[in-house]
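Dear colleague,

Please find below the structure that I am handing over to you, together with its sequence. My notes on what was found in it follow directly after.

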Amino acid sequence: MPTGPAPVAGDHAAADRPAAGVRLPLRRRLLPVIALLLLAPWAAECSWGGFAIDDFLPVLIFLGPMYGGAAILIRETARHLGAGWPTIVLLAAAFGVLQAGLVDQSLFNPDFLDDTQYADTRTAAEATLVPGLDFSLRQAFDYVGNHIVLTICAPIVLIESFLGADRRLRPWLGRPGLAVVGVLYLLGSLLIFTDINDDKGFLASPLQLIFAASLVLALVATALLPRWRRPRPRRTRRVPQPLWVALPVVLVRLGSDLTPGWPGMIIALSLAAVAGGLVAYWSSHNGWGQRHVLVAGTAGLVTAAAFAYLVPPYSPASPAAALAGDVAVTVVTVALVGGAWWRLRASPAVHVAAS
C-alpha cells in the first residue's frame, strides 16, 4: 500500500482567523467534522481495495469512531495550537504506532493476516524482523505509513481544501466537542481491541508494549514542540507547479516494493526521506499554497485508488462486488480530489505560511 510523506507545509491559524465575534451556525461548524469522521475510515481501509463495495457501510460505522475520531483530534490539536503540518504528520505517526502496536497489535502478531487474502505476505514480512522486538520493519513501514498518508493527512487536507480560506485553518470544535470526540475515539478503540483480542487471542509481550508506548510518547512530545508554531522566513526561489509535487510521493509507492528484505527497506526508507525532504523544502518557497498542499496530501490516496484494481479485499468477495468496490473507489477519489481542486481554483489564492 502507498506510503510516503504527507504534506509538511506549515501554516498558522491566526493568519486566516476571521473578525472577532463571527460565529457560524452549528450545522456549518459540524459539517466538516462529520465529513472527516466518515472520510478517515473510508480512506484508511477502502480506498486501496481492502473491502468490497458491500462492506463500505460497515467500515464507516464500526471504524469511524476510531479512525475518524483520531483524525479529528489530531487536526483540532494542531489548529488550536496554531501549528502546521509538521505537527499533524508527527501526531499521525504517533497514531499509526498506537493503532498497530497497542490497539489491534497487528505490528506484533505474526498471525494477524492469516485469515485474510494477504496470508501469503507473511514470508516477506518475516524477512525484515527486528531482533529482540519481533516485529517486521516492512509491516511497520506499511502500517504506520498508511495511517499517516491515508487515515489522517489525506482526509484532513481534502476537507480543509473544500472550506473557504477563512475557515481552513481555524479550529472546528471547542472543549465540549473535543471531549465528545475523545470519548468516541476511546470507545471505538476499545471496541476494536476487544473484538480483535477475542478473535485472535493475541497479546503483545510487555517489552513490545513498552516499546510501542514509548515511541508514541516520543512522537507526541516532538509534535508538540514550540518550534512548529514559529513562522519561518520565506525563500525567494520559485515553487514548482502543484502537480510536480505529487511526483516524489508517487515514486515512494512505486519504489517501495522493488526488492524484498532489508535491501528493499533501505530503498523504501530512503525514498520516503528524500520525498519528505523535497516537500518540506518546497513548502518554504514563495508561492507555496493550498493547491500544493492538496497535491502533496492526496497523491498517496490517488495512487492507492489506482492500484486498488490489482489487490484483493481482505475477505473473499464475488468478482462483481470486488470490481464494483474498485470502481466506487475511483469515482469517490476523483470526485473528492477533483472537487477540492475546483474549489481552490474558484476561490482566491491564499499562500500558506512556511513552517
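**Findings in the predicted model**

Gln-105 is buried, since its relative accessible area is 3%, and the model in which this is seen is a predicted one. The residue belongs to the loop that runs between α3 and α4. Although Gln-105 is not a glycine, its phi is positive, at about 55 degrees. Asp-134, which is not a glycine either, also has a positive phi of about 55 degrees. Asp-134 is placed in the loop between α4 and α5.

**Aromatic pairs**

A pair of aromatic rings is described by two quantities, the distance of the centres and the angle of the planes. With ring centres required to lie within 6.5 Å, the count is eight aromatic pairs. One of them joins Trp-48 and Tyr-314: the ring centres are 5.4 Å apart and the planes stand at 90 degrees, so this pair is edge-to-face. The two residues come from distant parts of the chain, 266 residues apart. Trp-48 is in the loop between α1 (26-45) and α2 (56-81), and Tyr-314 is in the loop between α10 (290-307) and α11 (319-346).

Are these two residues buried or partly exposed? Trp-48 counts as buried because its relative accessibility is 5%, while Tyr-314, at 22%, counts as partly exposed. The cut-off that separates the two classes is 20% relative accessible area. Trp-48 and Tyr-314 also belong to one aromatic cluster, together with Phe-51 and Tyr-118.

Phe-108 and Phe-135 make up another aromatic pair, which is edge-to-face, with 6.0 Å from centre to centre and 85 degrees between the planes. Phe-108 lies in the loop between α3 (85-103) and α4 (122-126), and Phe-135 in the loop between α4 and α5 (137-162), so the pair ties together parts that are 27 residues apart in sequence. Both of these phenylalanines, Phe-108 and Phe-135, are buried.

**Charges over rings**

Phe-307 is part of helix α10. The charged end of Arg-253 sits over the ring of Phe-307, at 4.3 Å from the ring centre. Leaving aside residues up to four places away in sequence, Phe-307 touches Arg-253 and Leu-254. Phe-307 counts as partly exposed because its relative accessibility is 24%. Between Phe-307 and Ser-47 the C-alpha to C-alpha distance is 9.5 Å, although the two are 260 residues apart in sequence.

A further arginine, Arg-291, lies over the face of Trp-341, 5.8 Å from the ring centre.

**Helices α5 and α11**

Two packed helices are described by the angle between their axes and the distance between the axes. How do α5 and α11 stand to each other, and at what angle do they cross? Their axes come within 8 Å and cross at roughly 40 degrees, and α5 and α11 are therefore oblique to each other. The crossing in which α5 passes α11 is left-handed.

On the α5 side, the residues that meet α11 are Leu-158, Ser-161 and Phe-162. On the α11 side, they are Leu-336, Val-337, Gly-339, Ala-340, Arg-343 and Leu-344.

With kind regards

Note on methods. Residues are numbered from 1 along each chain as its sequence is written. This is a predicted model: local features need pLDDT of at least 70, side-chain atom pairs count only at pLDDT 80 or more; totals for chains, interfaces and linings use all residues. Side-chain values use heavy atoms; hydrogens and water are left out. Rings of Phe, Tyr and Trp (its six-membered ring) pair if their centres lie within 6.5 Å; planes under 30 degrees apart count as stacked, over 60 as edge-to-face and the rest as tilted. Helices (H or I, at least four residues) and strands (E, at least two) are DSSP runs, numbered from the N terminus. Buried means under 20% relative accessible area, exposed over 50%, partly exposed in between (1.4 Å probe, protein chains only). A charge sits over a ring if NZ of Lys or CZ of Arg is within 6 Å of the ring centre and within 35 degrees of the ring normal. Axes are lines fitted to C-alpha atoms, for helices over the stretch in contact, and angles run from 0 to 180 degrees between N-to-C directions. Angles under 35 degrees count as roughly parallel, over 145 as roughly antiparallel, 65 to 115 as roughly perpendicular and the rest as oblique. A crossing is left-handed if the near helix is turned anticlockwise from the far one by less than a right angle, and right-handed if clockwise. Contact means heavy atoms within 4.5 Å.
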